[in-house]
Amino acid sequence: MTPVARPVVPAVVTGLASVALLLVDVAPLAWLLMGVTAGYALSGSV
Amino acid sequence: MAGAVGGIVTALVPSAVRVAAVVAVVVAVVAREASGRPWRRLQNRRLVPQDIVARGQVEGPLQFGFEMGTGLRTFSPSALPHLLLFLVVLAGGLAEGLAAGAGFALGRALVPLARGAAARRTDWDAELQRTSAWLLRVSALGFVAALVASRELDALLG
């Protein structure tokens, strides 16, 4: 499996986007990213 | 709905109580998620029956997607969705609830998209099994970064 296709990659990208948001003040986007993170954390759900 | 409830809770519950509750719950949940061993979740431990899919080309898949996508009938490996709901009610409002809900839907949609992008889906599933604890850790840290970036804690702390 190529590194970019690994399941953890979307979580890392979302996390990095959240860190980048620390530098700017876009609160609604932060709530959106909290939602994305919580939704993707359910990857292993069946 | 949580966002609307959140607006009412924000108006009724004193700020100090909300701060204490938010800090305590966030620390407790994130610490366990980061350890790779989340708390026992409040969840409906049932699988969506396969026969639902056979109820028509539109109705079946829609019901299956709704029940699993919203977590109505599923096994949840993470408590972050519960934490998100808690934060929307205690620290958010209608706009924050809508943004969080849209993000949650996007995050849920990312799962089949990421899996579908893999050359072999069985490899992706196996990799997910192997790295699920790390996925929880990364997600927990990303969640905290987004929470801090929301400036909601600043607002609560006054």
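Begin with chain B as a whole: of the contacts in chain B between residues at least 6 apart in sequence, 72% join residues at least 24 apart. Please bear in mind throughout that this is a predicted model.

**Stop 1. The two chains**

Keep chain B selected and colour it by secondary structure. Of the 158 residues of chain B, 39% count as buried.

Next, select chain A. Its secondary structure comes to two helices and zero strands. Taken along the principal axes, the C-alpha atoms of chain A fill a box of roughly 35 × 25 × 10 Å. Of the 46 residues of chain A, 48% count as buried.

**Stop 2**

Select helix 2 of chain A, residues 27-40, together with helix 4 of chain B, residues 80-91. The axes of these two helices come within 8 Å and cross at roughly 155 degrees. Angles over 145 degrees count as roughly antiparallel, and helix 2 of chain A is therefore roughly antiparallel to helix 4 of chain B. The crossing in which helix 2 of chain A passes helix 4 of chain B is left-handed.

Now display the side chains at this contact. From helix 2 of chain A, show A:W31, A:M34, A:G35, A:T37 and A:A38. From helix 4 of chain B, show their counterparts B:L80, B:P81, B:L84, B:L87, B:V88 and B:A91. What is the division of these residues into nonpolar, polar and charged? In the contact of helix 2 of chain A with helix 4 of chain B, nine are nonpolar, two are polar and none is charged.

**Stop 3. A:T37**

Remain in helix 2 of chain A and centre the view on A:T37, which has its place there. Is A:T37 buried or exposed? A:T37 counts as buried because its relative accessibility is 5%, and the cut-off for buried is under 20%. Select the surroundings of A:T37, leaving aside its neighbours within four places in sequence. The residues in contact are A:T14 from chain A and, from chain B, B:L80, B:S139, B:G142 and B:F143.

**Stop 4. Salt bridges**

A search of the whole structure finds four salt bridges over all chains. Select B:R115 and B:D125 for one of them; the closest N and O atoms of this pair are 2.8 Å apart. The pair links distant parts of the chain, 10 residues apart: B:R115 is in helix 5 (residues 94-117) of chain B, and B:D125 is in helix 6 (residues 121-149) of chain B. Both residues are partly exposed, B:R115 with a relative accessible area of 29% and B:D125 with 26%.

Move on to B:D123 and B:R120, which form a salt bridge whose closest N and O atoms are 3.1 Å apart. B:D123 counts as partly exposed at 27% relative accessibility, whereas B:R120 is exposed, with a relative accessible area of 54%.

Then select B:R130 and B:E127, whose side chains meet in a salt bridge of 2.7 Å, N to O. Where do these two residues lie? Both B:R130 and B:E127 lie in helix 6 of chain B, three residues apart, about one turn of the helix. B:R130 is exposed, with a relative accessible area of 61%, whereas B:E127 is buried, with a relative accessible area of 8%.

**Stop 5. B:R151**

For the last stop, centre on B:R151, in the loop between helix 6 and helix 7 (152-157) of chain B. At 23% relative accessibility, B:R151 counts as partly exposed. Which residues is B:R151 in contact with, leaving aside its neighbours within four places in sequence? The contacts of B:R151 are A:L21, A:L22, A:V24 and A:D25.

B:R151 and B:R55 are 96 residues apart along the chain, and their C-alpha atoms are separated by 45 Å.

How values were computed:
Residues numbered from 1 in each chain as written. Chains lettered and ligands numbered in written order. Predicted model: local features only at pLDDT ≥ 70, side-chain atom pairs only at ≥ 80, totals over all residues. Heavy atoms only, no water. Axes fitted to C-alpha atoms, helices over the stretch in contact; angles between N-to-C directions. Helix = DSSP H or I, 4+ residues; strand = E, 2+ residues; numbered from the N terminus. Parallel < 35°, antiparallel > 145°, perpendicular 65-115°, else oblique. Left-handed = near helix turned anticlockwise from the far one by under 90°. Contact = heavy atoms within 4.5 Å. Nonpolar A, V, L, I, M, F, W, Y, C, P; charged D, E, K, R; others polar. Buried < 20%, exposed > 50% of the residue type's maximum accessible area, 1.4 Å probe, protein only.
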